[in-house]
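Please walk me through this structure step by step.

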Amino acid sequence: MIMPLTTTRISPDWPRQVKTPGSYDWERSATKWLRELVPARYASYPALLRHPVLLARHAHLQVQQEIRVARTALQTARADLPRLGLAESVIEHTIKLYAAEIMQLQHIARSVRAVTEALVEHTAGR
């Protein structure tokens, strides 16, 4: 069977682990990727597996919470870490780590949005 070509434009934030919307098995690849973003106990709930849009919503909430945690860790590092007896070099490294993590999480959040939009379009088209 020949699959129709998709006309969906792929965002630069589209995760490379997820197949192009409209291609064979793309929704399954999206679900698999989204499951990796949520705690394992959520990833096995049948409702989230049957409805990838729900899974995408939860992944969005999860990533937003992780961004908040990383921002708090970054904002409090200079005040809190010296009291833990950490060397200045470790503190500086940790601050860079938190800053890099925030950037990575923001990229993941944009990817989740792109996948969510494609899933919503796909669901609406059924």
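The report below takes the helices in turn, then the salt bridges and the surface.

## The model

This is a predicted model. Keep that in mind while reading the values below.

## Helix H1

Helix H1 covers residues 26–35. How many of its ten residues are buried? Seven are, so H1 is mostly covered. The buried residues are Trp26, Glu27, Ser29, Ala30, Thr31, Trp33 and Leu34. Their cover includes H3, H4 and H5.

Take Thr31 as an example from H1. Its relative accessible area is 11%. Buried means under 20%, so Thr31 is buried. Setting aside residues up to four places away in sequence, Thr31 touches Leu49, Pro52 and Leu55. Pro52 and Leu55 are themselves among the buried residues of H4.

## Helix H4

Helix H4 runs over residues 52–80.

Part of H4 is hidden. Its buried residues are Pro52, Leu55, Ala56, His58, Ala59, Val63, Ile67, Ala70, Ala73 and Ala77. Look at the spacing of those numbers. An α-helix has 3.6 residues a turn, so residues three or four places apart point the same way. What covers the buried residues of H4? The cover includes helix H1, helix H2 (40–43), helix H3 (46–50) and H5.

## Helix H5 and His122

Helix H5 spans residues 88–124. His122 is found in this helix. Is His122 buried, partly exposed or exposed? Its relative accessibility is 30%, so His122 counts as partly exposed.

His122 has partners from elsewhere in the chain. It touches Trp26 and Glu27, leaving out residues up to four places away in sequence. Pro21 is another residue to look at. The C-alpha atoms of His122 and Pro21 are separated by 8.1 Å. Along the chain, the two residues are 101 residues apart.

## Salt bridges

How many salt bridges does the structure hold? It holds five. One of them joins the side chains of Asp13 and Arg110, with N to O at 3.3 Å. Asp13 lies in the segment before H1 and Arg110 in helix H5, so the pair ties together parts that are 97 residues apart in sequence. Asp13 counts as buried, at 18% relative accessibility. Arg110 has a relative accessible area of 33%, so this residue is partly exposed.

A further salt bridge joins the side chains of Glu88 and Arg78, with N to O at 3.6 Å. Glu88 lies in helix H5 and Arg78 in helix H4, so this pair ties together parts that are ten residues apart in sequence. Glu88 is partly exposed, with a relative accessible area of 49%. There is also a network here: salt bridges link Arg78, Glu88 and Glu92.

Where is Asp25? It sits in the segment before H1. At 27% relative accessibility, Asp25 counts as partly exposed.

Asp25 also forms a salt bridge with Arg28. The closest N and O atoms of the pair are 2.9 Å apart. Arg28 is exposed, with a relative accessible area of 60%.

Which residues make the nonpolar surface patch? They are Leu84, Leu86 and Val90. The patch has an area of about 260 Å².

Leu84 is found in the loop between helix H4 and helix H5. Exposed means over 50% relative accessible area. Leu84 is at 62%, so this residue counts as exposed.

Note on methods
Residues are numbered from 1 along each chain as its sequence is written. This is a predicted model: local features need pLDDT of at least 70, side-chain atom pairs count only at pLDDT 80 or more; totals for chains, interfaces and linings use all residues. Side-chain values use heavy atoms; hydrogens and water are left out. Patches are made of residues with over 30% relative accessible area and no salt bridge: like charges are joined within 9 Å, nonpolar side chains (Val, Leu, Ile, Met, Phe, Trp, Tyr) within 5 Å. Accessible areas come from the Shrake-Rupley method with a 1.4 Å probe; for residues, only the protein chains shown count as cover. A salt bridge is a side-chain nitrogen of Lys or Arg within 4 Å of a carboxyl oxygen of Asp or Glu. Helices (H or I, at least four residues) and strands (E, at least two) are DSSP runs, numbered from the N terminus. Buried means under 20% relative accessible area, exposed over 50%, partly exposed in between (1.4 Å probe, protein chains only). Contact means heavy atoms within 4.5 Å.
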